[in-house]
Amino acid sequence: MAMVTSLVNERPVVIFSKSSCCMCYTIKTLISNFGANPTIYELDEHPEGKQLEKELRGLGCKPSVPAVFIGEQLIGGANEIMSLHLKGQLVQLLLKANAIWV
């Protein structure tokens, strides 16, 4: 978990993704459309991608991508992000993490 933890520290939004994943693309687009500038790690292009994916699974990410961290906290994957968005809570999380401003 050390690699994932070090990558998400002090960044408002971090998304672990795979470049060929359509749900990852959707989540990255959704969050970016709110004005956030997420830090994105494409596991299939990252030199330590396999290790990162293993750590994400260890944190309970199934499937391992997309894995979204907001304010250094694991929020979850596509289902969790879409659920928060539909409830109107995603913007509040982004605001609280200083990822976007009004």
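**Fold and hairpin of the predicted chain**

Strand β3 (residues 67-70) and strand β4 (residues 73-76) pair in the antiparallel sense over three bridges; two strands count as paired if DSSP finds at least two bridges between them. The model is predicted, so that local features need pLDDT of at least 70 and side-chain atom pairs pLDDT 80 or more, while totals for chains, interfaces and linings use all residues. Residues are numbered from 1 along each chain as its sequence is written, and side-chain values use heavy atoms, without hydrogens and water.

Within this pairing, Val68 has Gly76 of β4 as its bridge partner. The two strands β3 and β4 make a hairpin with two residues between them, and Gly71 in the turn has a positive phi of about 60°.

The chain contains five helices and four strands, taken as DSSP runs numbered from the N terminus (helices H or I, at least four residues; strands E, at least two). Their order along the sequence is α-β-α-β-α-β-β-α-α.

The radius of gyration, taken over C-alpha atoms, is 13 Å, which agrees with the value near 13 Å for a compact globule of 102 residues; the globule rule is 2.2 Å times the number of residues to the power 0.38. The C-alpha trace spans about 35 × 25 × 20 Å along its principal axes.

Of the 102 residues, 41% count as buried, that is, under 20% relative accessible area with a 1.4 Å probe, protein chains only. Among contacts (heavy atoms within 4.5 Å) between residues at least 6 apart in sequence, 63% join residues at least 24 apart.

Definitions and conventions: Buried means under 20% relative accessible area, exposed over 50%, partly exposed in between (1.4 Å probe, protein chains only).
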